[in-house]
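Visitor: I have a model open and would like to talk it through with you. Could we begin with its interior?

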Amino acid sequence: MSVILVFLMVVLGVAGWWLLQQRITSKPWLEQGIPAAYPDGDVTHQPTAKIALVVFLAVVGALFALFASAYFMRMEYVDWQAPPFPRVLWLNTGILLLASIALHLAVMAARKGHQDTLRLALVTAALTTLAFLVGQLMAWRELSLEGYLLDGNPANSFFYLITGLHGLHIVGGIVALSRTTTSAFRGAHDEKLTLGVELCAMYWHFLFIVWLAMFVVLAGWASDFIAVCRQFLI
């Protein structure tokens with residue numbers, strides 16, 4: 001439950017920041033002079049696709065928050081036996097960070113019109129993301145060979161479910177990244193391509209943050225932190 005509350009606080013914080021950007025605290029009845037005309041177009045000044053992606057990411061974030069909350073509630077039972085933490089997950093985390101950095105560089109290159117740098121950054125992001133997925137499969141193989149199967153223990157099931165769900169979202173992102181990379185290699189250098197690169201970067205940054213949170217949960221650090229907090233509250 002605490003995980004859900006933290007997630008809701010983050011969402012409310014982002015929503016409050018966005019409302020402040022829209023002059024929600026302005027007092028038009030106190031302003032003097034001729035009021036500015038109400039804009040005819042989009043008052044958010046953001047592309048519709050970008051707003052839709054933000055809403056989608058909020059839903060995905062809520063989904064992972066629910067899984068994390070269920071994880072903490074289930075681990076209170078006596079039959080809970082967490083599997084060993086595969087070391088390859090450390091390497092996978094670094095690889096996913098490289099993919100996120102590559103897409104950030106791709107956004108900068110797209111805005112400046114540097115096509116060669118953009119293509120190189122997009123290809124780097126795609127390859128590192130594929131390497132991340134291969135690394136996740138290696139983690140699954142390592143656990144299965146050691147006897148930590150999907151149905152062996154509830155903790156095993158949560159590990160495979162959480163990492164698998166995160167991997168599926170990565171696969172979905174690769175489809176969009178492939179289309180954007182193809183457009184870049186075809187010579188497109190318009191606002192549509194820049195928007196596509198920005199959307200991919202947003203998606204990858206978000207999935208990297210989600211992975212960091214899941215990494216902390218699966219490594220057992222989050223439970224230790226909660227236990228320390230409970231000692232202070234009792």
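Visitor: Which residues line the largest cavity?

Guide: Tyr-71, Ala-82, Pro-83, Pro-84, Phe-85, Ala-155, Phe-159 and Leu-218 line the largest cavity, where a cavity is a set of points on a 1 Å grid over the protein atoms alone at which a 1.4 Å probe fits but cannot get out, and lining residues have an atom within 4 Å of a point. This is a predicted model, in which local features need pLDDT of at least 70 and side-chain atom pairs count only at pLDDT 80 or more, while totals for chains, interfaces and linings use all residues. Residues are numbered from 1 along each chain as its sequence is written, and side-chain values use heavy atoms, with hydrogens and water left out.

Visitor: How much space lies in the largest cavity?

Guide: About 40 Å³, taken as the space filled by probe spheres set on grid points that are joined across faces, edges and corners. A search of the whole structure finds 1 cavity of 30 Å³ or more.

Visitor: Now the core: which residues have the most contacts inside the largest nonpolar core?

Guide: Tyr-71, Leu-103, Leu-118 and Trp-204 do, in a core of 53 residues; such a core is a set of buried Ala, Val, Leu, Ile, Met, Phe, Trp, Tyr and Cys residues joined through side-chain atoms within 4.5 Å, with buried meaning under 20% relative accessible area (1.4 Å probe, protein chains only). The elements giving two or more residues to this core are helices H2 (48–74), H3, H4 (115–145), H5 (154–185) and H6 (191–219), helices being DSSP runs of H or I with at least four residues, numbered from the N terminus. H6 gives the most, with 15 residues.

Visitor: And what is Leu-103 in contact with?

Guide: Leaving aside neighbours within four places in sequence, Leu-103 is in contact with Leu-122, Ala-125, Leu-177, Cys-200, Ala-201 and Trp-204, contact meaning heavy atoms within 4.5 Å.

Visitor: Why does Tyr-203 count as buried?

Guide: Tyr-203, found in helix H6, counts as buried because its relative accessibility is 10%. With neighbours within four places in sequence again left aside, Tyr-203 is in contact with Leu-53, Phe-56, Leu-57, His-169 and Gly-173.

Visitor: How far does H6 reach from its first C-alpha to its last?

Guide: H6 has 29 residues and reaches 42 Å, close to the 42 Å expected at 1.5 Å a residue, the expected span being 1.5 Å times one less than the number of residues. Just after H6, Gly-220 takes a positive phi of about 90°.

Note on methods:
1 Å grid on protein atoms, 1.4 Å probe; cavity = no way out; pocket = protein on both sides within 12 Å on 5 of 7 lines; lining within 4 Å. Buried < 20%, exposed > 50% of the residue type's maximum accessible area, 1.4 Å probe, protein only.
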